[in-house]
Each structure stands twice: as C-alpha cells, then as structure tokens.
Amino acid sequence: MTNENLVNGILEIRVDENSPLFDKTGMLHKEFPSDFRQIRYFTLLIVQSAPPDIKEINLLEQQISEIIKNAVKHGNKCDVEKKVRVWYSFSPEHAHLVVEDEGEGFRDLEKWNEFNRRRQSCLDSGDYEKLADFVSFRTIKSDDNDGGNALFAALEYWNGGFVFNQKRNCIAMLKRFPKRRLGVSVEGES
Amino acid sequence: MDSVSIAQALSGPLLVKLVLAPVLGAVFLYLRRRETEGLMTGYVFVTLFLAFRDILFAFLPIPDLYRISDLLLFGFLCRVATSSFSRGPGLWAVLAVDFFAALLLGLKALFGFAPGLPSEVLRFVAVVPVVAAAVLPSIRKDETETPSRVLALGFRIPFTVGSIAYLVVGAFLGADSPIFHYAAVPLFYGLILAIGFVFMSILLKELVQAVGYYEESIDSLYELLLSAGTAVKAEFSIQEVLDSMAAVFTEKAGADGGAILLTEEFEEAVSVRAVHGSFPPPFKLPESLPRAEERVVDFVRHARFKLGEGLLGEVAQTGKQLFIADAALDPRVARNGEEPWLRLTSFIAAPLIVRDRIIGALALSKSGGEPFDERDFDRAKLLANFGSIAVANSFSFLEAAERSDIEREAAIAEGVQKTIVPKKLADLGAFSFGVFTTPARGVCSDYYDVIQTRADRAVLAVGDVAGKGVAAGIVMAMIRSILHLITNSAKDTATLLSWVNRGISGKVDLDHFATLSLVAVDATTGEAEFANAAHQPLLIYRKDSDAIETVDIKSIPIGVERATEYSAKRLRIRPGDVLVMYTDGIVEAMNEQGRQFGRKNLGNAILRSRDLPAREIAEAIRDDVAEFSGRSRQHDDQTVLVLKAKP
C-alpha cells in the first residue's frame with residue numbers, strides 16, 4: 001500500500017489548505033477543553049465509533065491519542081479555556097480525522113521536514129555516526145516528555161495523507177486499512 | 001437384368017456377404033458412438049465399400065473388377081488403420097503405388113493394355129498397403145495411448161497375416177472362383193469384424209480402468225474432505241486443516257512430500273503454510289543457509305514468494321499446472337545439494353482455485369523411486385480442485401466465527417445494559433418520569449437510573465461510559481453498584497459524585513471513564529440538587545417563563561483523577577416544569593446532510609411537548625430525533641430521562 005506522504009521517497013509533512021482531506025462533510029464532530037488529563041478519555045470517545053472490524057484498533061487509538069496530545073499540549077498549551085475540535089469518520093477500510101486547535105500553528109514544520117530529510121540521507125549513506133544527531137526532533141519548547149518521534153510514526157501510519165492547513169493549527173489525516181482478500185484473480189481475468 | 005438373374009445372384013455367395021455386411025455395419029456404427037477419435041467412421045465406410053463391390057460383382061461378375069476393388073479396398077484400409085498416427089509422405093507413396101496398379105489393371109481390362117502383365121500379379125500389389133498398415137504406425141514419446149492407436153498396434157499382425165492370406169488364396173483360386181467367394185471373402189469379412197470386436201474389448205478395458213481410477217479418486221477426495229472436516233472442532237485452526245490436508249494430498253497422490261501454499265491476505269505474495277513428508281525444495285535455497293536438514297526444513301516451512309517469482313510464485317500467479325516428470329533434466333528445478341533429503345526426482349504443482357481466484361498452490365515431490373506419471377498428475381489436479389474448496393470453506397468458517405464473536409460480544413453488552421437499567425421507573429406522586437434509550441449496535445455505554453430513596457425522594461442519574469461493549473458494561477455495573485450503595489446517605493449529590501469517582505478511579509486495569517450527572521429531587525418540597533461530571537447540561541422547561549433553561553457545571557469525567565471534587569447546584573422544580581437529562585448521542589445525532597441534532601432542536605422538542613405527561617415527552621423527543629436522523633446510521637447510544645412536575 002502506497003503512502004501519500006512520500007515526496008521523492010521521503011516522508012514529508014505537507015501544508016495544503018485545499019486538500020480534500022479537509023472536507024468534513026458527513027463526519028462526526030466533538031470538541032474538548034485542552035485538559036491534558038483527559039486526553040485518554042477524549043480518545044476513547046472518538047475511537048468508540050470505529051467499527052469492530054478494524055483489526056488493529058489499539059494502534060489507531062494510540063495514533064489518535066498522539067494527535068490530540070499535540071493539539072492540547074503544543075497547540076493550545078494546555079489552556080483549558082481553549083478547545084480542541086475533532087471531526088472523525090471510520091469504516092473497516094478507513095479512518096479519517098481532522099483535528100483543530102486554537103494555537104498559533106506548527107511553526108517548525110519546515111524545520112521538521114529538513115530534519116527528516118537529513119536524517120534520511122544519513123540513513124541512505126550509512127553515516128550512522130552523524131545519524132546520532134537525528135534521533136529525535138527537538139525544539140526549544142520541547143520538554144522531557146516529548147519523544148520527538150511521534151510525527152515520524154504518524155507519517156508512517158496515516159498513509160492516506162497528513163496535511164496541515166495554511167495557519168498550521170488544523171491537521172487532516174487519513175488512514176487506509178489494507179483490504180483483506182482471499183486469493184488473486186486468475187491472470188488476464190482480473 | 002431379369003428376375004431370374006437376381007435370384008441366381010442371391011442364391012450364390014452374395015447372400016452370405018449380404019448377411020455379414022449389415023452385421024459389420026451394425027458393429028461399427030455401435031462403436032462409432034462410443035469413441036471420440038472417429039476411427040470407426042472409417043470402418044463404417046470400409047463396410048459400405050465391401051457391400052457395394054460385392055453387390056456390383058454379383059451382377060457384373062468380371063474378375064478384373066474384383067481385382068481393382070481389392071487394390072482400392074486395401075489402399076483405403078491402410079489409410080483408415082493408420083489414421084490416428086502421423087504418417088508423413090510414406091502413406092502417399094504407398095497409396096500412389098496401389099492406385100497406379102489399380103489404374104494399370106483398369107487400362108488392361110478395358111483397352112487390352114500390356115497384355116503380357118498377369119492380372120493376378122497386379123492385384124498382388126495390394127500387399128504394399130497391407131504391409132504399410134503394419135509398418136507405418138508407431139507411437140512417439142510425447143504421444144499418448146489412445147484406443148485407436150492401441151488397436152492399430154495390437155491388431156497389426158493378425159491383420160497383415162489375414163490380408164495376405166486372402167490375397168494369396170485369391171491369386172491361386174482366381175477372382176472368379178466360387179470357392180474364393182464362398183470361403184475366402186466371408187472369412188475376410190470375419191477379419192474386419194474381428195477388428196470391431198478387438199476395438200470393443202479395448203474400450204471395455206479402458207472403461208474398467210477408468211472406473212477403478214475414479215473409485216480411487218473418490219476415496220482420496222473422501223479422505224481429503226474428512227481431513228478438512230474433522231479439523232473443524234471447537235478449537236478451530238486453519239493450520240490444523242492445512243496440515244492434515246497436506247498429509248492427505250501427499251499420500252493420495254503417491255508423493256513422498258507435499259506442501260500447501262496460500263496467497264497472502266494483504267500482499268502480492270504466496271507463502272508455504274503446511275509441509276508433509278520429505279519435501280526437497282524445487283526452488284533455490286540461499287547460499288548462506290547451512291545445508292543441515294533441520295535448517296532447510298524450517299526454511300521451506302516459512303518460504304515466501306512474490307507472485308510470479310520462481311516456480312511456485314508462477315503457479316500462484318498464472319494458475320497453470322506444472323508437471324516435471326524428471327526433475328534432474330528440467331532447468332526450472334533448482335539443485336541445492338547432493339544430500340539425499342535435497343534430492344528431488346519428480347515434481348507436480350497445481351494451483352488452488354476457487355471461483356476464478358487463485359488462493360494458493362499445491363506442490364508434490366518425489367525423492368526417488370518411480371517418477372510421477374500422467375495419472376498422478378491427474379490425481380493431483382483433482383485433489384487440488386477439491387482442496388481449494390475445503391481451504392476456502394475453512395476461511396469462510398473462520399470469518400463467520402470472527403463475525404459471530406463480534407456479534408456475541410455486542411449481544412452480551414446489550415444484555416448487560418438491559419439488566420442494569422431499571423425495569424420500572426419510580427412514581428413520586430407529584431413527579432412522574434419518562435425515559436427512552438436506544439443502544440447503537442455494539443456500543444451500549446449509556447446508563448440511566450432513578451433510585452428512590454424515600455417515598456417522595458429520588459436520585460436521577462444519567463451517564464455515558466467512554467468505550468463500548470462488554471468493557472463499558474463492566475464500568476457501568478460498577479458505577480451502578482456504588483450509586484445504589486451511597487444514595488441512601490444524607491450526602492449531597494456533589495459528594496455522591498466524588499465518591500463514585502473515588503470508587504472507580506485507578507481501581508481496575510481497564511479504561512474507566514464516564515460522564516455522569518445526578519439530580520436529587522424531593523417531590524414534596526420541589527427542591528432539587530444537580531451535580532455533574534462532564535455530562536451534558538441539564539435542560540429545564542420553566543412553566544413560568546415558558547422557556548428552556550440550561551443548567552451546566554464545568555467539571556471533568558469520572559475516572560480521570562481520584563482527587564476530583566465535584567460541585568452541586570440547587571434548583572427548584574415548580575408544577576408544570578419539565579426536567580430533561582440526556583446523553584451526547586441525542587445532541588450529536590446526525591442527519592443525512594451531516595448536521596447534528598443539537599441542543600436547540602432538543603429544546604424545541606421539549607417546548608412542543610411540554611403539556612404531555614413525562615412518558616409521552618420522552619417519546620416525542622425520540623420521534624423527533626429519529627425523524628431528524630432519517631436513514632443515517634446511529635453511531636452512539638441515545639438516552640433521554642424526563643421528569644415532569646405535575647401541574
């Protein structure tokens with residue numbers, strides 16, 4: 001299954017206000033105060049509408065939790081007066097989320113992409129000594145609880161796209177679940 | 001020709017011939033319908049030719065006519081007898097010689113051409129096609145034994161001897177000799193008849209063999225289905241089914257080893273899923289893999305090929321069978337080493353196909369002894385066909401079982417919810433209650449209760465557990481137990497909530513979050529107290545102002561933090577007021593345009609039904625939500641609890 005976040009073979013966070021992933025038609029909606037303690041609870045409320053056929057529900061839960069955590073912590077700076085808005089829709093084939101916070105937007109987006117490009121080139125060239133500098137993405141605002149790797153995992157996971165709006169305070173993402181199939185069609189008859 | 005000569009002709013040898021010819025014709029016509037190669041059609045024409053020339057000769061008894069017809073007859077017979085072989089130009093040379101002799105004889109009889117050449121010598125040229133019929137047929141290596149080929153090869157000596165005897169006797173006696181026509185010609189008819197009977201016995205023998213083969217096949221299919229079927233027990237495992245099927249495949253196809261490969265669910269690949277017996281890999285093993293039997297067996301067991309890659313990947317992609325009788329001579333078979341357990345002598349692979357979809361492949365191997373033959377190949381194909389169905393059925397069964405697990409869990413959760421909520425709502429005299437709850441399939445996380453503490457007092461509870469199914473049901477049961485235990489105390493609702501929170505937080509290794517709102521009411525005084533743990537705001541229809549009042553307290557849900565302190569608000573309920581508690585499934589219910597029902601619509605629904613009794617207000621709200629949602633799917637439980645103060 002292809003990953004829409006690959007640009008020239010490298011995972012990249014994109015900014016595209018007009019991405020169709022921002023179309024919220026028919027999506028369920030909830031909004032939460034930016035209370036860090038309740039992230040797990042908010043995640044559960046969202047995931048509970050996922051159909052039971054989705055096989056790796058725990059992974060989905062974990063990924064959604066990371067996104068909400070980012071919005072609460074880095075977006076709204078845990079200000080309970082600020083809201084996190086989530087639009088979501090699930091089916092056995094997909095998970096689609098739009099998460100919006102009231103923060104100033106992800107300023108370090110380009111830095112992150114650059115960081116990732118350099119990391120990848122270290123990997124490609126086998127320069128493991130230099131790779132040590134690119135283990136985790138950190139900014140001045142990062143604290144000890146920020147692993148700096150959540151975005152790598154997110155770009156891998158949300159294979160249908162992971163896109164910010166122009167203001168970078170709203171992110172849309174799509175996961176396509178592989179379709180289970182029995183057998184392949186006889187050649188020439190597909 | 002007058003009637004006397006007809007009678008004379010009939011009383012001669014013609015009668016015998018006319019009796020024999022139909023018998024011959026009948027035999028060949030009968031056999032013609034039981035074979036597919038068209039050989040018997042040729043013999044039907046031979047019979048017609050015989051009958052025609054004998055009738056003609058009876059009325060035109062010219063010896064040369066009979067001689068010419070013999071030349072033509074044997075030429076024709078040679079062509080028919082060898083028709084199932086590729087004969088090349090040899091046949092045409094033979095026929096040319098034969099027909100040239102016939103032509104010479106004709107010219108000689110009509111125009112006295114070459115009077116010195118004895119007619120009997122020319123007739124004897126017919127020996128050429130007779131010998132050719134015995135010499136020309138031979139089966140090439142790649143040709144199969146068909147009944148007509150078996151006949152031609154098996155009957156060539158009697159045919160040659162009989163035909164030459166006929167020609168010799170004819171030459172001695174002369175074509176006009178009555179003895180020749182009374183004895184030799186009918187005997188020759190008998191020879192042709194014998195061809196029919198020999199052919200019949202060949203067909204019969206083949207039939208008996210086929211019956212035996214099919215009996216064996218049925219027996220092996222029975223074993224196969226039995227092996228697939230008995231593995232379907234309480235503890236169902238695809239692996240067990242595949243293992244026992246691999247064993248049956250191997251045994252019934254007479255192989256030394258066998259493997260079942262299945263295409264993968266998500267990838268364009270096929271992987272080995274079961275191996276039985278000694279199965280030397282036909283594909284190249286990595287150089288780095290030690291040639292130790294255990295390591296190789298383990299490698300083969302987990303081998304995986306992209307579709308189209310290698311021998312087995314190709315079978316899984318193209319759906320074409322593979323039959324390699326002598327693996328040593330085939331360049332497609334990899335040579336991995338000299339060890340006896342790596343020695344592959346003969347190999348068969350057949351795709352497993354169900355409804356035009358290739359679900360995998362069956363591979364069979366021989367490590368010595370007799371190589372696989374055509375019959376083994378046929379058997380393997382048959383087993384693969386039936387095996388495919390058994391494998392597909394197993395997967396369907398597994399899928400159905402998974403589905404039924406999901407369904408069962410949903411049913412259990414629904415059962416838990418049903419037992420937890422009150423069967424009958426209390427009646428406090430001045431206050432009446434109405435309720436409805438519509439669980440969404442598989443969710444079942446809404447909770448409501450009316451706990452009567454005294455004749456005129458009750459605690460109303462509406463909550464929503466985060467999560468769904470049985471896990472949510474357990475949390476719901478815990479909340480209910482704690483609530484029922486503590487509502488009899490004199491504590492205010494805020495304390496009750498704090499206690500519930502403390503009882504739930506961090507106790508069990510389970511997600512245990514819930515919103516919960518409590519309203520304690522006194523029907524005598526009209527006093528009420530509202531406490532909220534992140535649940536939806538309370539809506540109150542006030543008769544005085546004929547408007548909806550929204551009461552909310554900001555707080556966090558049950559189960560987030562053990563030390564959470566909740567607060568309460570005091571309210572007064574006057575006659576005609578309507579108090580409505582509800583879950584988010586109501587306000588977040590979506591219509592087909594993707595819009596949410598919202599609190600405003602809920603308020604309007606209350607306003608419209610304010611004069612109805614509590615039970616009917618609840619029903620009116622339910623109908624409103626249902627109408628709003630239309631045909632869009634209900635994604636969350638919907639619950640409404642209504643209290644109405646009698647006016």
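Which residues does B:Phe436 touch, not counting residues up to four places away in sequence? They are B:Ala618, B:Glu619, B:Arg622 and B:Val640. Keep in mind as you explore that this is a predicted model.

**Around B:Phe436**

- You can find B:Phe436 in strand β7 of chain B, which covers residues 431-438.
- B:Phe436 has 19 C-beta neighbours inside 10 Å. A buried residue needs 20 or more, so B:Phe436 counts as partly exposed.
- Look also at B:Leu641: its C-alpha atom and that of B:Phe436 are separated by 6.8 Å, yet the two residues are 205 residues apart along the chain.

**Two helices that pack together in chain B**

- Helix α17 (residues 598-609) of chain B packs against helix α18 (residues 614-629) of chain B, with axes 9 Å apart and an angle of about 135°.
- Angles over 145 degrees would count as roughly antiparallel and 65 to 115 as roughly perpendicular, so α17(B) and α18(B) are oblique to each other.
- The crossing of α17(B) past α18(B) is right-handed.
- From α17(B), the residues that meet the other helix are B:Asn601, B:Leu602, B:Ala605, B:Ile606, B:Arg608 and B:Ser609. On the α18(B) side they meet B:Glu616, B:Ile617, B:Ala620, B:Ile621, B:Asp624 and B:Phe628.

**An enclosed helix in chain B**

- Helix α12 (residues 310-318) of chain B is largely enclosed by the rest of the structure, because seven of its nine residues are buried.
- Those buried residues are B:Leu311, B:Leu312, B:Gly313, B:Glu314, B:Val315, B:Ala316 and B:Gln317.
- What covers the buried residues of α12(B) includes strands β1 (257-263), β2 (269-277), β3 (304-306), β4 (322-324), β5 (346-354) and β6 of chain B.
- After α12(B) comes B:Gly319, with a positive phi near 75°.

**Chain A as a whole**

- Chain A contains nine strands and five helices. Along the sequence they follow the pattern β-β-β-β-α-α-β-β-α-α-α-β-β-β.
- Chain A has 190 residues, and 31% of them count as buried.
- Take the contacts in chain A between residues at least 6 apart in sequence: 67% of these join residues at least 24 apart.

**Where the chains meet**

- Chain A brings 24 residues to the contact, and chain B brings 33 residues.
- On the chain A side, β4 (28-33), α1 (39-47) and β9 (184-185) each supply at least two residues. α1(A) gives the most, with three residues.
- The chain A side that touches chain B is made of ten nonpolar, eight polar and six charged residues.
- Strand pairing links the chains too: β9(A) and strand β6 (residues 357-366) of chain B run antiparallel and are joined by two bridges. In one of the pairings, A:Ser185 has B:Arg357 as its bridge partner.

**Positive phi angles to look for**

- Most residues other than glycine have a negative phi.
- A:Lys77 is not a glycine, yet its phi is positive, about 50°. Look for A:Lys77 in the loop between α2 (57-75) and β5 (83-91) of chain A. A:Lys77 is partly exposed, with 14 other C-beta atoms within 10 Å.
- B:Asp356 also has a positive phi, near 65°. The loop between β5 and β6 of chain B holds B:Asp356. B:Asp356 counts as exposed, with 11 C-beta neighbours inside 10 Å.

How values were computed:
Residues numbered from 1 in each chain as written. Chains lettered and ligands numbered in written order. Predicted model: local features only at pLDDT ≥ 70, side-chain atom pairs only at ≥ 80, totals over all residues. Contact = placed C-beta atoms within 7 Å. Helix = DSSP H or I, 4+ residues; strand = E, 2+ residues; numbered from the N terminus. Nonpolar A, V, L, I, M, F, W, Y, C, P; charged D, E, K, R; others polar. Pairing = 2+ DSSP bridges. Buried ≥ 20, exposed ≤ 12 C-beta atoms within 10 Å, placed from the backbone. Axes fitted to C-alpha atoms, helices over the stretch in contact; angles between N-to-C directions. Parallel < 35°, antiparallel > 145°, perpendicular 65-115°, else oblique. Left-handed = near helix turned anticlockwise from the far one by under 90°.
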